[in-house]
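This report is for a reader meeting the structure for the first time. Please have the sequence and the coordinates at hand while reading.

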2 protein chains.
Amino acid sequence: MDPRIEEHAQILLDWSTDVRSGDDVVIAAGAEARELIVALHRELGSRGANPTTLYTSGEATRAHLRAHDDEFTLPEHILALYEACDVAIHVRSDSNLAALNDVPGKRLAERSRVHKPIIEERLSKRWCLTQHPTNAHAQAADLPLGAYRDFVYGAILRDWDAVEEYQAELRQRLEEASTVRVVAGETDIRMSVEGMHAINSAGRHNMPSGEVFTAPVPDSVEGTVLFDKPLIHQGREMEGVRLRFEDGEVIESSAERNEEALDDLLDTDAGARRLGELGIGTNREIDRFTKNMLFDEKMGETVHLALGRAYDANVGEGREGNDSAVHVDMILDTSAGRIEFDGEVIQEGGRFVWE
Amino acid sequence: MDPRIEEHAQILLDWSTDVRSGDDVVIAAGAEARELIVALHRELGSRGANPTTLYTSGEATRAHLRAHDDEFTLPEHILALYEACDVAIHVRSDSNLAALNDVPGKRLAERSRVHKPIIEERLSKRWCLTQHPTNAHAQAADLPLGAYRDFVYGAILRDWDAVEEYQAELRQRLEEASTVRVVAGETDIRMSVEGMHAINSAGRHNMPSGEVFTAPVPDSVEGTVLFDKPLIHQGREMEGVRLRFEDGEVIESSAERNEEALDDLLDTDAGARRLGELGIGTNREIDRFTKNMLFDEKMGETVHLALGRAYDANVGEGREGNDSAVHVDMILDTSAGRIEFDGEVIQEGGRFVWE
């Protein structure tokens, strides 16, 4: 076995989820994550913890959903499993990223709605989302599997304690800032983050991680932004997305490719035209866009903005975050731009001023 | 997909577990059962039921158990999953039947003891144990995979309603009988089944099935039996096992191969020297021994006797069944012998007298 798989398992159990003796652990993974599943079992055994593994399969989910034309009911047994567990580890390890592409979107959305209590239960535990390298993900990244493995483990096998410390300065400044401005190429956008909480994301819930993020005050966003990385929503890929905000709302929008998909996204609900997240990526081991948001939004020298729902943890007391059924991250390159907090430059040409 | 896989899924959901809309279903299966998992998801979708699949892997279990040198604790999350489910389908689909061969037997036994409430919970639901053909099982059967598939589906894809009806006569006679005698070659063994319940096993809990079975009165077994099929216990294979019973207890034993393993088995506890089951196989599609008890004990023109624990369902009110930590089935060929109930021949040369 590639020794990096064993290291990955150790990081997940020690740093991300702090597994102790007697813990009941749910692993959700595809069959292609076989080696990581074995490594996790070994490491869980040596810690005296109890694993069970849910087999995730796009092919099986597709077969179920296409045949299911009845109303959905909540799977009480899966809810009970998560209620009774201590730790939940979800491993992305798809065999085909297009596996659900012929399932009607409405059915997917309806199932998501009915399964919401399961997701919420899972997120109330010590939980982590991670990646096992498969050919499907490698292909989406335009990489051979061996090179993709190097990319994945480069981003994951880090000293996360040091990352957390490195990001502490950024988190502190973002927490104290009232306004944020991002200038890069055609982009010039400003927003208030007054009273919102900045979070230092260093591998507890996402592995890899490497970002500091907060929620904008919904009505405060002003300016224009050009997202220079492709953007994927419900399997539809958009490019060259331009948005102009006034009083927090998108009042002009265009895309160089698949503008229709952008219009559909913006029309989801009122909150889909407003921002729910501002994140600043710091993981410089992630040096390329791989069409996988678990990695893309953590990329060093980028900023991401999400249309839609804000995370509760970002929204300060007495404040209101944006609400929506969607949360779609969009990424822009700041390596030739700058980020300002309260008029003070904190990142220029991709470097933080304190680096 | 081989259309027999879809048929197999339909039989499991319609005949074996009677799945209805809204049912919460646990499938436990290995990655090699991929196609059956997909077929079950499709059929569960069309019935409006909710599947979740537990990934079973000898390789992962081995890694966990070898690393686990602490005391075992009950995995409460797996127990909660089974408590909350309606239907449990367990699919044998191993990649390597020797996967656990270097795990200390004591550790396996200790884990089984701690996990007992999970097994009991599962057996309290609508449950079924079945088989997906894999190379590992084919190899154990001395067959190429294609021929093994034909064997498996030949045994499974049957009119189970007709099998149940066919076995009803045998069940009725065994239920009413006081004594059973089996004579075949060197074997001549007698026992009382007075007050015990005979069960017509026609594919509700085992798929394939095809047997009628009961429990002997523990102290009543007398005579000698030669088991002419190999016998496997905890991965150890014995051949030519001869047992002599007096007052229900084994008082002489020998094996042509691996007598040591037989001695270990008999020394497990007091109940391991007494019989817990008498079964009569009727499935003539199972025409060969494949070292898989799910099939072997159902073979037409055979009788099996189990050393160890009796099933509660066989033990009549006010009666006592045999108790033990083990239940080890041993098979003998009756195609050239006879079976008598209360002195009356009911099977001779492999044919029931009413056939």
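The text below goes from the chains to their contact, then to the core and to some strands.

This is a predicted model, in which local features need pLDDT of at least 70, side-chain atom pairs count only at pLDDT 80 or more, and totals for chains, interfaces and linings use all residues. Residues are numbered from 1 along each chain as its sequence is written, while chains are lettered from A and ligands numbered from 1 in the order in which they are written.

## Chain A as a whole

Chain A holds 10 helices and 20 strands; these are DSSP runs numbered from the N terminus, with helices (H or I) of at least four residues and strands (E) of at least two. The radius of gyration of chain A is 20 Å, close to the 20 Å of the globule rule for 355 residues, so chain A is as compact as a globular protein of that length. That radius is taken over C-alpha atoms, and the globule rule is 2.2 Å times the number of residues to the power 0.38. Along the principal axes, the C-alpha atoms of chain A fill a box of roughly 55 × 50 × 45 Å.

Of the 355 residues of chain A, 46% count as buried. A residue is buried if 20 or more other C-beta atoms lie within 10 Å of its own, exposed if 12 or fewer, and partly exposed in between, with C-beta atoms placed from the backbone. Two residues are in contact if their C-beta atoms, placed from the backbone, lie within 7 Å. Among contacts in chain A between residues at least 6 apart in sequence, 72% join residues at least 24 apart.

## The two copies and their contact

Chain B is superposed on chain A by a rotation of 180° with 0.0 Å of shift along the axis, at an RMSD of 0.1 Å. The two copies are thus related as by a two-fold rotation axis. The superposition is by least squares on the C-alpha atoms of residues with pLDDT of at least 70 in both copies. Both copies use the same surface, since 100% of the contact residues of chain B recur in chain A.

Chain B gives 40 residues to the contact, and chain A gives 40 residues. On the side of chain B, the elements with two or more residues there are β1 (24-29), α2 (34-46), β2 (50-55), α3 (58-67) and α4 (76-84). The largest share, eight residues, comes from α2(B). This side of chain B divides into 18 nonpolar, 14 polar and eight charged residues. Here Ala, Val, Leu, Ile, Met, Phe, Trp, Tyr, Cys and Pro count as nonpolar, Asp, Glu, Lys and Arg as charged, and the others, Gly among them, as polar.

In α3(B), the residues Ala60(B), Arg62(B), Ala63(B), His64(B) and Leu65(B) are buried. Their cover includes α2 (34-46) and β2 (50-55) of chain A, together with α5 (105-114) of chain B.

## The nonpolar core

The largest nonpolar core has 88 residues, and those with the most contacts inside it are Val25(A), Ile27(A), Leu36(A), Val25(B), Ile27(B) and Leu36(B). Such a core is a set of buried Ala, Val, Leu, Ile, Met, Phe, Trp, Tyr and Cys residues joined through C-beta atoms within 7 Å. Leaving aside neighbours within four places in sequence, the contacts of Val25(A) include Val19(A), Leu44(A), Cys85(A) and Ile89(A).

## Strands and hairpins

Two strands pair if DSSP finds at least two bridges between them.

| Strand | Partner | Bridges |
|---|---|---|
| β5(A), residues 179-184 | β6(A) | six bridges |
| β6(A) | β10(A), residues 222-227 | three bridges |
| β18(A), residues 338-341 | β19(A), residues 344-348 | four bridges |
| β19(A) | β20(A), residues 351-352 | two bridges |

Val183(A) has Asp188(A) as its bridge partner, and Arg190(A) has Glu222(A).

The hairpin of β5(A) and β6(A) has two residues between the strands, and Gly185(A) in the turn has a positive phi of about 60°. In the hairpin of β18(A) and β19(A), also with two residues between the strands, Asp342(A) takes a positive phi near 50°.

In chain B, eight strands form an open antiparallel sheet in the order β14-β13-β10-β6-β5-β18-β19-β20. The strands β14 (249-254) and β20 (351-352) of chain B stand at the edges with a single partner strand each, so one side of each is left without a neighbour in the sheet.
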